[in-house]
Amino acid sequence: MKPSASLFLALSTATLFLSSPVSNSQGAEAQNEFKPGEIWNDTAGAPINAHGGGFLLHNGVYYWYGELKIGKTWTPESNRSWGGTRVETVGVSCYSSSNLYNWKNEGVALAAVKDDPKHDLYKGKVLERPKVIYNETTSKFVMWMHIDSENYKLAHAGVAVSDSPKGPFHYIESTRPNDSMSRDMTVFKDDDGKAYLFYTSENNQTMHIALLSKDYLKPTSTFVRVFEGRSMEAPSVFKYKGRYYLMASGCTGWAPNAARSAVAENIMGPWKELGNPCIGPEAEITYRGQSAYILKAPGKTDSFIFVGDRWNPHNLQDSRYLWLPIQMTEKGFEVRWHDTWKLEE
Ligand code: GAL
C-alpha cells in the first residue's frame, strides 16, 4: 500500500483564437476557452481521457499524453485501508492540438498487456503519470511513467521509446532508480538538452531528482534527495528566467490537499519551498485538484498553465481536468481560480 497516504487518511480521512464556437471538421463544437472542472470533449465529441498527463510541443504541435481510465472503478482488497480505488490499466492515450483548446484523439500511444500477469504493463498493474520528452541526439521520443503493482509496493519508474510522437511506444523496462523507490514522477528537459527524473521516493517521504543518461533511457547515478520528509507527490517542473520552479501536492491518495511550490537556482538544488501557490476559495485543496504538469503557453514568455487532475475516486473515468493560468510574482508564482478563461492574444 501507499503508507504515507494511509497515514494521512487515518489522521484525516496558441495560437488559434476563435471568437465564437464553430464546428470543426468532425462536427463537434470547437472550444475557444478553458472551463476548469467541466467535461472537455475532443474534436470528435468524446470526453478527453488523458489523466495525470504530460505534454510535448514538437514541430508546432502540442501532444497530450495521459492515463486512459475506462470502465468500472473498484477497490482492490490490498488498497482498502487507504482508499486506493482503480480501473483496469488500458494504456497511455495521445491527443494532438495546435491551440491547446481543441484536441484530436490520436489513439493509444502505449497499450497495456492483457495476457501476461508478469508484464509491467499488465492490465492488473498500475501505469500512472506518463511524460514524454524528445531526444535530439537519437531522434527518439522517450516516455517515462510510474509503474506499480496493484498494491503500489513495486514502486518503479518505467520507460518506453518511439520514433513518432503519436507512438506506438515500445516498452523497455522499469527499475528503481539508484535502488530507490519511485512512485509519482515527472521528467524535465532543460535548455542544454539534459533531462531529469523527479520521483517521490523513500516510501513517499522524500523526493529524488536523477539526471537521465544522454539517450534519456536510464537514470544515472547523479541524483539528489530533496524536500526530505515532506511527503510530496505529483511533481511538475518549469523554468522561468533561468530559475527552476516546482509545484507538487501532499500525499493523500486521490483526496485533494494543499499544493506546494518551490524554487531553485540549480535544478539539483538547493530547493527553497515557497508555500501554497493557490489563492482564494478552495486553495487549501488545490480547487479539488492535484498537479499533473506545468505547460508553457504560446505567446508571452511568462505565460504558464497549471494542468491538474480533479480525481473522482468513485468513478475514475469521470475525473476532470483543471487548467488554470499561472501568474509569475516577485518571489514565485500564483494559481488563481477562474470559471472560464482564455489565453492572451
Ligand atoms: C495519488 C497519486 C496518483 C495516484 C493516487 C492513487 O497520491 O498522486 O497519481 O497514484 O494517489 O490513489
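User: How many bridges join strand S6 to strand S7?
Analyst: Strands here are DSSP runs of E with at least two residues, helices are runs of H or I with at least four, and both are numbered from the N terminus. Two strands count as a pair if DSSP finds at least two bridges between them. S6 covers residues 140-148 and S7 covers residues 156-162, and the two run antiparallel. The number of bridges joining them is seven.

User: What kind of model is this, and how are its residues numbered?
Analyst: This is a predicted model, where local features need pLDDT of at least 70, side-chain atom pairs count only at pLDDT 80 or more, and totals for chains, interfaces and linings use all residues. Side-chain values use heavy atoms, leaving out hydrogens and water, and residues are numbered along each chain as its sequence is written, from 1.

User: What is the average pLDDT of the protein?
Analyst: pLDDT is the predictor's confidence in each residue, on a scale from 0 to 100. Residues 6-21 stay under 50, while 92% of the residues score at least 70. The protein's average is 93.

User: Which strands stand at the edges of the open sheet, and why is one side of each left without a neighbour?
Analyst: Four strands form this open sheet, in the order S5-S6-S7-S8, with antiparallel pairing. Each edge strand has a single partner, so one of its sides has no neighbour in the sheet. The two edge strands are S5 (126-135) and S8 (170-175).

User: Is Phe-304 buried or exposed?
Analyst: Buried means under 20% relative accessible area, exposed means over 50%, and partly exposed lies in between (1.4 Å probe, protein chains only). Phe-304 lies in strand S19. Its relative accessibility is 4%, so Phe-304 counts as buried.

User: Which residue's side chain makes a polar contact with the side chain of Asp-190?
Analyst: A polar contact is a pair of N or O atoms within 3.5 Å; within protein, one must be able to donate a hydrogen and the other to accept it, and residues adjacent in sequence count only if both atoms are side-chain atoms. Asp-190 sits in the loop between S9 (185-189) and S10 (195-201), and it counts as buried at 7% relative accessibility. At 2.4 Å, the partner is Tyr-244.

User: What separates the C-alpha atoms of Glu-33 and Gly-167?
Analyst: Glu-33 lies in the loop between helix H1 (3-12) and strand S1 (51-58). Beyond four places in sequence, Glu-33 is in contact (heavy atoms within 4.5 Å) with Tyr-101, Thr-340, Trp-341 and Lys-342. Gly-167 is 134 residues away along the chain, and the C-alpha separation is 28 Å.
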